[in-house]
Amino acid sequence: MRILALHRTDMYMAEVVPNYSGSMVRALRELGHEVVSVPKTQDRNRNFEGIDLVIDIDCGRNAAGDLLWIARDGPLPVPSAVVFIDSHGHPSDHRRVAKNYDHVFFAVWDKRDLFGKHPSAHWCPNFTDLRWFDRNLAGAIVPGNERKDFGMFGSKGGLTRADPMAEICNRNGWKCDIRQIGASNKHAWPSTLHSMTNCKFLFNRAQKHDGPNLRVFESMAAGRPLICDFDPRSGMEKLFAAGGHYLPYEYFDPWSGMETAMKWCMDNQTEANLIAEAAYQEVKKNHLVANRVKQIIEVVRQ
């Protein structure tokens, strides 16, 4: 297929900032498709001749704070698909523009009702990319050499989710690392993997029922046991087994609370690492960028 892919192409220090939309473009090419890669835009005044499919990939707001969709003002003259990542943050916007695309792929299970009337709407969960998040990469810390006990890495505005974890670490004399790595529109990879693997255990808490979010997949690919909230509204349990792939601090005994879960990890590191191994293998098999790209192509070819 000849595909026009619209995605985020931020530049910093004379280099393109890697992101998951770029990972999707690479995966499409690796699958043998001819991809015309262009920055996100709403300018539809272009020649679509020879284009078999337009894929508009959600990349959040651009540097100017705008949400750009090429089909915002109406359907395109060629088959089209849109990939939504942040429907929990922009539900009204996503619902409005979705109707102008032939196919909708949404990552947030809890927001599936936004697209309930669309004739071709599909849950396409988040994923990760082993080119940037893999415990076996050269930049990863070898297990046993970690300098921190617990860590959480995310956007600046979401770091308060880890405040309870920080308090528990201070109370127990454990070391933690909680911060944003790379400001918006700047390089964060592969530094994020290095910081993740410098922790024995990782923590995540969903925002607005957006689980499983990107941090879940990244943590599992990094090969570290993940302590995470259990949210029955998210799609987490549809992809991963509580207690088998991650440690839910709200749901299963003896992990009835966050501090209990953290103490269990510190006291049972061998068992916790077995859970991390199962999660790593599951992500490697079913939750990489190539898995999601193949799903999209299979749907549009039907």
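User: How many cavities of 30 Å³ or more does a search of the whole structure find?

Analyst: The model is a predicted one, and the answer applies to it as such. The largest cavity has a volume of about 40 Å³, and its lining includes Asn204, Gly211, Val216, Asp229 and Met236. For cavities of 30 Å³ or more, the search of the whole structure gives a count of one.

User: How do the residues that line the largest cavity divide by class?

Analyst: The lining is made by Asn204, Ala206, Gly211, Pro212, Val216, Cys228, Asp229, Asp231, Ser234 and Met236. With Gly counted among the polar residues, the lining of the largest cavity divides into five nonpolar, three polar and two charged.

User: Which residues of helix 5 are buried?

Analyst: Residues count as buried when their relative accessible area is under 20%. The buried residues are Val216, Phe217, Glu218, Ser219, Met220 and Ala221.

User: Is Glu218 buried or exposed, and with what relative accessible area?

Analyst: Glu218 lies in helix 5, which spans residues 214–221. Not counting residues up to four places away in sequence, Glu218 touches Tyr20, Thr128, Phe133 and Met196. Because buried means under 20% relative accessible area, Glu218 is classed as buried, and its relative accessible area is 2%.

User: Which elements give two or more residues to the lining of the largest pocket?

Analyst: The largest pocket has a volume of about 1,500 Å³, and of the 46 residues that line it, the closest to its centre are Arg8, Asp86, Ser155, Leu214 and Arg215. By class, its lining has 16 nonpolar, 19 polar and 11 charged residues. The elements that give two or more residues to this lining are helix 1 (20–30) and helix 5.

User: Which element gives the largest share of the lining of the second largest pocket?

Analyst: The second largest pocket holds about 230 Å³ of space, and of its 13 lining residues, the closest to its centre are Pro143, Glu146, Gly223, Arg224 and Asn273. Two elements give two or more residues to this lining, namely strand 11 (199–204) and helix 8. The lining divides into four nonpolar, four polar and five charged residues. The largest share, four residues, comes from helix 8.

User: How are helix 7 and helix 8 oriented to each other?

Analyst: Helix 7 (residues 258–267) and helix 8 (residues 269–286) pack with their axes 5 Å apart and at an angle of about 105°. The contact is made by Trp264, Cys265, Met266 and Asp267 of helix 7 and by Gln269, Glu271, Ala272 and Ile275 of helix 8, and these residues divide into five nonpolar, one polar and two charged. Since angles of 65 to 115 degrees count as roughly perpendicular, the two helices are described as roughly perpendicular.

User: With which residues is Gln295 in contact, leaving aside its neighbours within four places in sequence?

Analyst: Gln295 has its place in helix 9, residues 289–300. Its C-alpha atom is separated by 24 Å from that of Phe48, 247 residues apart along the chain, whereas contact means heavy atoms within 4.5 Å. Leaving aside those sequence neighbours, the contacts of Gln295 are with Phe105, His122, Trp123 and Cys124.

Methods:
Residues numbered from 1 in each chain as written. Predicted model: local features only at pLDDT ≥ 70, side-chain atom pairs only at ≥ 80, totals over all residues. Heavy atoms only, no water. Axes fitted to C-alpha atoms, helices over the stretch in contact; angles between N-to-C directions. Parallel < 35°, antiparallel > 145°, perpendicular 65-115°, else oblique. 1 Å grid on protein atoms, 1.4 Å probe; cavity = no way out; pocket = protein on both sides within 12 Å on 5 of 7 lines; lining within 4 Å. Points joined across faces, edges and corners; volume = space filled by probe spheres on them. Buried < 20%, exposed > 50% of the residue type's maximum accessible area, 1.4 Å probe, protein only.
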